[in-house]
Amino acid sequence: RGPDTYSPTGQKTGAPQDKVAQAGEYLTTAQGARLYDTDHSLKAGPRGPVLLQDHHLREKITHFDHERIPERVVHARGAAAHGVFQGYGTAEGISKAAFLGKDVETPVFVRFSTVLGSRGSADTVRDTRGFATKFYTSEGVFDLVGNNIPVFFIQDAIKFPDVIHAGKPHPDREIPQAQSAHDTFWDFVTLHTEATHHTMWNMSDRGIPRSYRMMEGFGVHTFRLVNAEGATTLVKFHWKPKLGVHSLVWEEAQITAGMDPDFHRRDLADAIEAGAYPQWELGVQTFPDTDDQMFQGIDLLDPTKIVPEELAPVQPVGLLTLNANPSNFFAETEQVAFHVGHLVPGIDVTNDPLLQGRLFSYLDTQITRLGGPNFGQLPINRTHAPVNDMLRDGMHQTAVHRGVAPYRPNSLDGGCPFLAGADTGAYIEVPADVPAGRKVRDAAASFDDHFTQPRLFWLSMTPTEREHIVSAYTFELNKCYEQAIKERALLVLANIDADLCAQVAAGLGLPAPEPTAALTDPQPSPALSQLGDSWPLD
Ligand code: HEM
């Protein structure tokens, strides 16, 4: 199945895109002239030399020379599929987004990815996985650009280049390719203790999913939904796989990385081809949109924190089914461009400083990656809603715009008949209050507690899961060259749980340190403390 094509104004033309480049019975040049031979260059006699005038040779090789585009700066390796999202209508009371309406069916494209490895790296490495969904809704594109882990390493987007520099291969040797087993990664996450929670999830079985089809997905940030009456609700998005959550064990992951580095993308494509369509339920945890955007002592703007489902259950709002493989990896999986700023009426952002920075980053990087500002016209990125913007020209412009006055109001193009305004179903930002305060480069004190949630995570694990976590920390830290980094990592673990720390210390052959007051000072929320009392399983 090829992607559908759309006219410059967004009207579906129906012709499959691949026909555009593959029409007719004859082999031709890119300009449509029929070729009589594409296997031999034009030479002065059969043994050459080759003539510079061979324009077909030069067209063919020049095009080949430019086939590669930059890989994504993060999430370079991925696999994707087409599908459909069906709204249950259960979210209608809290969001006016049309695609959440009862039985509304919306085409989607979902790309799963690893974060740190290059395009050619192995699938089953220990890493976070991306879970990005493009909803081609009747009101424009909505992208839910999430991960399979519900928290993030950092609390402010200004640290993103730093955490990625630390996680990518060392600049001198360009190793390791796609794992957390190295000095710069552990240096960063032990010097930035807000990374402890995400790191703990990575060291758990969640870091080595069995299949993309068996992963949860999370929007991570808190979003703000708004209903038809203008009432707002804060939410966190969750994808729950119908197949349940399953992981590899570490030995399987390592062997599979060697024997079948394409394991996850093969699994996804094979399942869809066999008709075993993977499904996820989309759900939301909901929180009152209070002035402080806190819930039971948890700062909803801090992306290193979850809200336990015991405190706010996930309520299903729709069903995602992936039912078709891409027909061309480059055209679709490689060229798709997700952006947290692709929003539709009914869904808005919050002040989470990580989310605010992401709102800048995606469009910016895609201008480089996809060669200019018109990548929205690529078939995979095109909205299914009619487009009538005033953007013009630029690299790779494929629309032939009519009219002379791309501004409004104007008195030339038929008196500017295009409608805009509040009563047109337009996207309107929620007029939320901006907190009064001074300009500061600071984090809120409510972002300070870095250990309570990793501790809850550890305590909520079964004995087998805990064994896996201990082994993962031991394996990865043993790869570090610097003793001081291992010791600092143990200090972080001491502040989570003495038993965890002691077991990893034994694996590293180092003494287990005592927790430090400075690291444990901030007080956890009372609701979390109570959960902590009830969670230990053994
Ligand atoms: C790509 C998720 C934080 C910058 C991606 C992708 C996902 C993702 C899933 C891959 C999209 C695809 O499949 O094409 C997340 C999540 C984050 C996060 C869940 C935190 C909650 C950030 C931050 C920044 C950032 C803070 C920068 C300030 C990027 C960039 C790309 C990317 C530059 C490559 C996009 C492209 O080339 O199309 N992210 N990300 N991300 N992310 Fe993030």
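## Confidence of the model

The chain has a mean pLDDT of 93, with 93% of its residues reaching 70 or more. Where pLDDT is low, the predicted coordinates should not be read in detail. For the complex, the predictor gives an ipTM of 0.96 together with a pTM of 0.94.

## The shell around the ligand

The ligand has 28 residues around it, of which R72, H75, R111, G130 and S361 come nearest. Two or more residues of this shell are contributed by each of strand 2, strand 3 (129-137), strand 4 (140-147) and helix 9 (353-369). Helix 9 gives the most, with eight residues. By residue class, the shell divides into 14 nonpolar, 10 polar and four charged residues.

## Annotated positions

The unreviewed UniProt entry carries a "binding site" annotation that covers R72, R111, F160, R358, Y362 and R369. R111, which is also listed among the residues nearest the ligand, lies in strand 2 (residues 105-114). R111 counts as buried because 24 C-beta neighbours fall inside 10 Å. Not counting residues up to four places away in sequence, R111 touches G78, A80, G130, A132, T333 and V336, and G130 is itself named among the residues that come nearest the ligand.

F160, another position under the annotation, is in helix 3 (residues 160-167). With 18 C-beta neighbours inside 10 Å, F160 counts as partly exposed, and its contacts, leaving aside neighbours within four places in sequence, are with I154 and G357.

Beyond the neighbours within four places in sequence, V110 is in contact with A80, A81, G83, A132, T133 and L322. The pair V110 and A132 is separated by 22 residues in sequence, while their C-alpha atoms are 5.6 Å apart in space.

D65, by contrast, is placed in helix 2 (residues 55-65) and counts as exposed, with 8 C-beta neighbours inside 10 Å. From D65 to R408 the separation is 343 residues in sequence and 43 Å in space, taken from C-alpha to C-alpha.

## Strand 7 and its partners

Strand 7 (residues 232-241) is largely enclosed by the rest of the structure, because seven of its 10 residues are buried. Strand 5 (residues 217-218) runs antiparallel to strand 7 and is joined to it by two bridges, with F218 standing opposite H238. Strand 8 (residues 279-288) also pairs with strand 7 in the antiparallel sense, over nine bridges, and in that pairing the bridge partner of K236 is Q285 in strand 8.

Strand 6 (residues 223-226) pairs with strand 7 over four bridges, again in the antiparallel sense, and L225 stands opposite T233 in strand 7. These two strands form a hairpin with five residues between them, and G230 in the turn has a positive phi of about 90 degrees.

Note on methods:
Residues numbered from 1 in each chain as written. Predicted model: local features only at pLDDT ≥ 70, side-chain atom pairs only at ≥ 80, totals over all residues. UniProt positions renumbered as here; feature names shortened; annotations may be inferred. Buried ≥ 20, exposed ≤ 12 C-beta atoms within 10 Å, placed from the backbone. Contact = placed C-beta atoms within 7 Å. pLDDT = per-residue confidence, 0-100. Near = placed C-beta within 6 Å. Nonpolar A, V, L, I, M, F, W, Y, C, P; charged D, E, K, R; others polar. Pairing = 2+ DSSP bridges.
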